[in-house]
Amino acid sequence: MGSVDLRYEVAQKAYIKLVLHSLKHPTSAVNGILIGRVSASNDTTVEIVDAVPLFHSHIALLPQLEISLILIEEYFSAKGLNIVGYFHANERFDDHELGGVAKNIGDHTCRYFPQAAILLLDNKKLEGLKKSKERGAVMQGCI
């Protein structure tokens with residue numbers, strides 16, 4: 001089976017929310033859910049239109065995560081949107097790997113939306129936003 005190259009478009013609203021959530025809690029692991037849809041004009045493009053920040057500590061608390069996902073799904077499905085990904089920023093400045101809990105949440109997201117985007121924010125680039133006018137992306141795709 002041939003693989004299809006997916007493209008992700010992140011709306012300004014979503015990008016700002018995930019960056020600000022990470023900047024507000026620079027010494028904590030933070031995570032959140034990406035909201036969007038597959039483009040109506042191109043089925044290889046996932047439009048990420050919003051982000052819902054979740055936790056900034058204790059990201060491994062399963063009951064809170066499950067309840068959050070149910071509420072997010074109910075709220076946004078009424079607007080014709082779905083959960084299309086997950087974002088994560090590590091607590092350590094030099095940590096550039098997606099940890100076990102983050103991988104599990106990302107895998108869970110991919111089970112329900114196979115084209116899901118899993119984004120890891122780069123803490124060094126986030127810190128650089130405070131000091132310069134650099135406009136480069138502060139995240140990398142993991143899956």
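Author: Start with one pair. Asp-50 and Lys-17 form a salt bridge, with 2.8 Å between the closest N and O atoms. Asp-50 belongs to strand 3 and Lys-17 to helix 1 (residues 12-24), so this pair ties together parts that are 33 residues apart in sequence. The two partners differ in cover. Asp-50 counts as buried because its relative accessibility is 7%, under the 20% cut-off. Lys-17 has 31% relative accessibility, so Lys-17 counts as partly exposed.

The mean pLDDT of the chain is 81, and 79% of the residues reach 70 or more. Strand 3 (residues 45-53), the strand of Asp-50, has the highest confidence, at a mean of 92. Confidence is lowest in strand 6 (residues 139-141), where the mean is 61. Where pLDDT is low, the predicted coordinates should not be read in detail.

Now the other salt bridges. The search of the whole structure finds four. One of them joins Glu-47 and Arg-37, with the closest N and O atoms 3.1 Å apart. Glu-47 lies in strand 3 and Arg-37 in strand 2 (residues 30-38), so the pair ties together parts that are 10 residues apart in sequence. Arg-37 has a relative accessible area of 35%, so Arg-37 is partly exposed.

Another salt bridge links Arg-7 and Glu-9, whose closest N and O atoms are 2.5 Å apart. Arg-7 is partly exposed because its relative accessibility is 47%. Glu-9 is partly exposed as well, because its relative accessible area is 33%.

Thr-44 sits between strand 2 and strand 3, in the loop that joins them. Thr-44 and Arg-7 are 37 residues apart along the chain, yet their C-alpha atoms are separated by 6.2 Å. Thr-44 has a relative accessible area of 21%, so Thr-44 counts as partly exposed. The side chain of Thr-44 also makes a polar contact of 2.7 Å with the side chain of Asn-42.

Next, strand 4 (residues 82-89). Ile-83 is in this strand. With a relative accessible area of 18%, Ile-83 is buried. From Ile-83 to Val-52, the C-alpha distance is 9.7 Å, across 31 residues of sequence. Setting aside residues up to four places away in sequence, Ile-83 touches Ile-33, Leu-34, Ile-35, Leu-69, Ile-72, Glu-73, Thr-109 and Phe-113. Three of these names, Ile-33, Leu-34 and Ile-35, fall in strand 2 (residues 30-38).

His-88 is also in strand 4. His-88 counts as buried because its relative accessibility is 2%. A polar contact of 3.2 Å joins the side chain of His-88 to that of Tyr-86.

Strand 4 has a partner. Strand 4 and strand 5 pair in the parallel sense, over five bridges. Gly-85 stands opposite Ala-117 in strand 5. Strand 5 (residues 117-121) is mostly covered, with five of its five residues buried. Ala-117, Leu-119 and Leu-121 point one way from strand 5. Ile-118 and Leu-120 point the other way. Both sets are buried.

Finally, the whole chain. The chain has four helices and six strands. Along the sequence they follow the pattern β-α-β-β-α-β-α-β-α-β. Of its 143 residues, 41% count as buried. Among contacts with a separation of 6 or more, 68% come from residues 24 or more positions apart. As for the surface, the chain exposes about 8500 Å². Carbon and sulfur atoms supply 54% of that area.

Methods: Residues are numbered from 1 along each chain as its sequence is written. This is a predicted model: local features need pLDDT of at least 70, side-chain atom pairs count only at pLDDT 80 or more; totals for chains, interfaces and linings use all residues. Side-chain values use heavy atoms; hydrogens and water are left out. Helices (H or I, at least four residues) and strands (E, at least two) are DSSP runs, numbered from the N terminus. Buried means under 20% relative accessible area, exposed over 50%, partly exposed in between (1.4 Å probe, protein chains only). Contact means heavy atoms within 4.5 Å. Accessible areas come from the Shrake-Rupley method with a 1.4 Å probe; for residues, only the protein chains shown count as cover. Two strands pair if DSSP finds at least two bridges between them. pLDDT is the predictor's confidence in each residue, from 0 to 100. A polar contact is a pair of N or O atoms within 3.5 Å; within protein, one must be able to donate a hydrogen and the other to accept it, and residues adjacent in sequence count only if both atoms are side-chain atoms. A salt bridge is a side-chain nitrogen of Lys or Arg within 4 Å of a carboxyl oxygen of Asp or Glu.
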